[in-house]
Amino acid sequence: MLIAQISDTHLRADNSLMHGRIDTRRALADAVAHINALDPRPDIVLATGDLVDRAQPGDYPLLRSMLDGLQMPVFVIPGNHDEREMMRGAFCDQGYLPSEGTFLHYAIEDHPIRLIGLDTQRPGEVRGGLCRARLAWLRDRLDECPDRPTLVFMHHPPFASGIVFLDRPAFEGAEDMAAIIADRPHVRQVICGHIHRVIYLNWAGTCAAVAPSTVYQMNLTFKPDVSFQLTDDPPAIALYRWRDGLGPVGYVSQIIRRKPERDS
């Protein structure tokens with residue numbers, strides 16, 4: 001099984017440029033074309049939040065139409081830029097998002113590795129977290145299938161990245177989530193987005209990772225007095241390969257930007 005992860009696409013349907021220079025529609029189109037051209041082609045795509053930038057009325061219909069261009073199933077979860085009910089409305093016909101309730105989390109059962117998507121959004125806040133209800137839901141889902149290897153995917157990292165301006169304020173419920181994961185060794189991988197930069201670490205007795213953005217990467221700094229800056233690093237996706245019980249093994253696949261089409 002080959003899993004592709006896209007994150008932080010920040011799509012804008014109104015064609016405005018992000019940070020005055022980034023065409024988010026073109027960036028997502030490039031990511032879709034890149035994934036479809038991979039050989040072997042991924043079996044599924046996990047889209048880990050901040051899929052639109054401002055949650056305006058036209059953003060989710062455009063997001064859905066563009067993700068429909070992928071030649072494999074796509075599973076979405078919200079980030080801090082997303083709007084839950086708009087996302088539910090755009091993807092509810094796919095059958096995996098809950099049709100009601102506050103949170104958009106779910107489990108996918110029909111693959112060699114079990115997939116659990118977590119909703120870490122705190123509306124109106126940049127930081128993420130898991131309240132008691134969501135922590136209980138995660139614990140219950142993991143305890144349903146203790147013999148199945150499992151991958152957990154979410155938007156906000158539940159651990160400190162070391163990039164100070166992104167680690168404050170801290171993830172709500174981080175210690176409680178770590179305790180849940182540490183007691184359940186069948187969780188083989190936890191993957192996140194939000195930071196716009198590749199990070200790998202050991203966390204709570206398992207492997208954890210942060211995916212790059214398909215749009216732009218953030219600066220790498222460990223200084224507490226340095227804040228957000230754009231970098232010239234290329235857009236990219238993450239890949240996870242599960243083979244004969246080995247893995248998931250993680251990779252990064254950079255996206256080659258297409259040249260803009262010229263008018264004839």
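**Strand β1 and its sheet**

I3 stands opposite Y240 in β10. The model is predicted. Within it, strand β1 (residues 2-6) pairs with strand β10 (residues 236-243) in the antiparallel sense, over four bridges. Q5 also has a bridge partner in β10, namely A238.

β1 also pairs with strand β2 (residues 44-48). Here the strands run parallel and four bridges join them. A4 stands opposite V45 in β2. Between β1 and β2 the chain passes through helix α1 (residues 24-37), and this β-α-β crossover is right-handed.

The strand is mostly covered, with five of its five residues buried. In a regular strand, side chains alternate between the two faces of the sheet. In β1, L2, A4 and I6 point one way. I3 and Q5 point the other way. All of these residues are buried.

A separate feature concerns the surface. V198, Y200 and V252 make a nonpolar surface patch of about 250 Å². Y200 lies in strand β8 (residues 199-203). Its relative accessibility is 48%, so Y200 counts as partly exposed: the value lies between the 20% limit for buried and the 50% limit for exposed.

Definitions and conventions
Residues are numbered from 1 along each chain as its sequence is written. This is a predicted model: local features need pLDDT of at least 70, side-chain atom pairs count only at pLDDT 80 or more; totals for chains, interfaces and linings use all residues. Side-chain values use heavy atoms; hydrogens and water are left out. Patches are made of residues with over 30% relative accessible area and no salt bridge: like charges are joined within 9 Å, nonpolar side chains (Val, Leu, Ile, Met, Phe, Trp, Tyr) within 5 Å. Accessible areas come from the Shrake-Rupley method with a 1.4 Å probe; for residues, only the protein chains shown count as cover. A salt bridge is a side-chain nitrogen of Lys or Arg within 4 Å of a carboxyl oxygen of Asp or Glu. Helices (H or I, at least four residues) and strands (E, at least two) are DSSP runs, numbered from the N terminus. Buried means under 20% relative accessible area, exposed over 50%, partly exposed in between (1.4 Å probe, protein chains only). Two strands pair if DSSP finds at least two bridges between them. A crossover is right-handed if, with the strands pointing away from the viewer, the path from the first strand over the helix to the second runs clockwise.
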